[in-house]
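Here are some notes to read alongside the model.

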Amino acid sequence: MKFLFHFGRYVNMIFALFKKPERFRMYWKEYARQMNNIGVGSLIIVAFISVFVGAVTAIQFAYQIQGSAIPMWWVGFVVRDTMILELAPTISCLLLAGKVGSNISSELGSMRVNEQIDALQIMGVNVRSYLVGPKILAAVTVIPMLVIIAAFLGVYGGLIAGKLGGYVSATEYQLGVLDEFNPHYIKLMYIKAVVFAFTLTSVAAYQGFYVKGGAIEIGEASTRAVVFSSILILAFDYLIAAALL
Amino acid sequence: MIELQDIYKSFGENDVLKGITTEFLPGKTNLIIGKSGSGKTVCIKCSIGLFEVNKGAVIYDGRNFTIMSKSEKKSVRKEIGMLFQGNALFDSMTVEENVRFPLDMFSKKTKAEKNARVDEVLERVELEEAHKKYPSEISGGMQKRVGIARAIVLQPRYLFCDEPNSGLDPQTALVIDELIKEITIEQNITTVINTHDMNSVMGIGDNILFIHEGHKHWQGSSEEILTSRNQELEDFIFASEFLKKLKNQQI
């Protein structure tokens, strides 16, 4: 029953996003601000983690095939496909669920508790559309870009680790990276990134927007935002993989 | 003028407002007073539509707000300014941006006209020097004045103030009271103030509504309070020995 109540209210919030903006320029300004917060603000952490994820994938795969009949250039091939299909979208978005999701949830929660949302509502602003819409739209725009960067850097991280560890030469690695490339995987990565971006921002916004209480409840809402969006990201990861691969 | 007609509001089993009927007059400071938990804030929130009433009607100059569609309510809300207890200023915006926000969102004025209007209202609340400061960089009294400036920037017909003096020292509270009173008269606004500050009640109370246990218990002016024979009102207003002595002297 409680689940149905929350699900209904969540769907209602999403539908409210499609209402006509009061002043397009103000929404655009907010959209640009959110793109900066979510995209530029997360670039360094996503880049840093992607390099290491790619590096670890390369070392672990090289270690597994050492001494076997499988050629070492496969390291590049495996790192590329793993990064594109799974690690770049999923790890980046799980990371962003923590960073961006908790941020959105606590920002909206504070606005609710400090009556800023009431103030906007009394002014006649469509608060769900103005406060939640630009966040979701910005995330859906910039998170796929971050994921593409993450995939590139992950592959590059694999090359560095492979070379430094003496497992594979740059030429061999490049051979693997270019071998049997399937463009469909890029489409899949993009779909995952868009779905995950929508999920993590909308769930976080929902948790923050309907907070009641004070500081403790804002903290709890942030925790719920991260936990629920992480679970949903992994569930959607499975569904997309099962449906599209 | 705002009319409340037989307003009822409950939350679950808890009946908060039990048939409030009153009028808030234009150009006057209309005060809602009562003990904590008596229903003052609920009364204001019902008036502006933040809470739906269970029964009764809220009428804004002949327009029944209670039965309006969402878009009609939105257009009435553009005529309403509100000063919140905690000011509700946007932390990420400067004082100027806070005041400018309603203009940017709703006004079709040019940039120069908007700038002029922002300067005008900030000057009116004596905050000319605070344009570029953030809410966290100014005092509580200044934040209240920014809240007032934001509330009046669109030249509202109705102004609601929820505990405008809470958290302020008595001197600053008087300045805020005077400012609200002056703006109310200057712009002929229907101002509704929810307070339990006795200085405000006696200083600027043109039309005072006393709510007790969800009922309208008394209504009159600050002068009439002194001669009222209402026991609950007297107990509330003259709660301290000091005020009781003062009242006896006054009479």
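1. Let us begin with Val146(B): leaving aside residues up to four places away in sequence, it touches Leu89(B), Val95(B), Asn98(B), Val99(B), Leu127(B) and Pro135(B). Contact here means that the C-beta atoms of two residues, placed from the backbone, lie within 7 Å. Val146(B) belongs to helix α5 of chain B. Helices (H or I, at least four residues) and strands (E, at least two) are DSSP runs, numbered from the N terminus. With 26 other C-beta atoms within 10 Å, Val146(B) is buried; the term asks for 20 or more such atoms, while 12 or fewer make a residue exposed and counts in between make it partly exposed. The C-alpha atoms of Val146(B) and Asp169(B), 23 residues apart along the chain, are separated by 17 Å.

2. A word on the ground rules. This is a predicted model, in which local features need pLDDT of at least 70 and side-chain atom pairs count only at pLDDT 80 or more, whereas totals for chains, interfaces and linings use all residues. Residues are numbered from 1 along each chain as its sequence is written, and chains are lettered from A and ligands numbered from 1 in the order in which they are written.

3. Now for the helix pair around that valine. The axes of α3(B) (residues 95-106) and α5(B) (residues 140-152) come within 7 Å and cross at roughly 25°; axes are lines fitted to C-alpha atoms, for helices over the stretch in contact, and angles run from 0 to 180 degrees between N-to-C directions. From α3(B), Val95(B), Asn98(B), Val99(B) and Pro102(B) meet Val146(B), Ala149(B) and Arg150(B) of α5(B). By class, the residues of this contact are five nonpolar, one polar and one charged. Nonpolar covers Ala, Val, Leu, Ile, Met, Phe, Trp, Tyr, Cys and Pro, charged covers Asp, Glu, Lys and Arg, and the others, Gly among them, are polar.

4. Chain A has a helix pair to look at too. The axes of α2(A) (residues 24-65) and α3(A) (residues 74-113) come within 8 Å and cross at roughly 140°. Their contact divides into 20 nonpolar residues, six polar and one charged.

5. Please also look at the sheet in chain B. Six strands form an open, mixed sheet in the order β6-β7-β8-β3-β9-β10; strands pair if DSSP finds at least two bridges between them. The twist averages 20° from one strand to the next. β6(B) (80-83) and β10(B) (215-220) are the edge strands, each with a single partner, so one side of each has no neighbour in the sheet.

6. β7(B) runs parallel to β6(B), joined by four bridges, with Leu83(B) opposite Cys161(B). β7(B) also pairs with β8(B) (residues 190-194) in the parallel sense over five bridges, where Leu159(B) stands opposite Thr191(B).

7. Last, the contact between the chains: 13 residues come from chain A and 15 residues from chain B. Helix α4(A) (residues 116-123) gives the most to chain A's side, with six residues.
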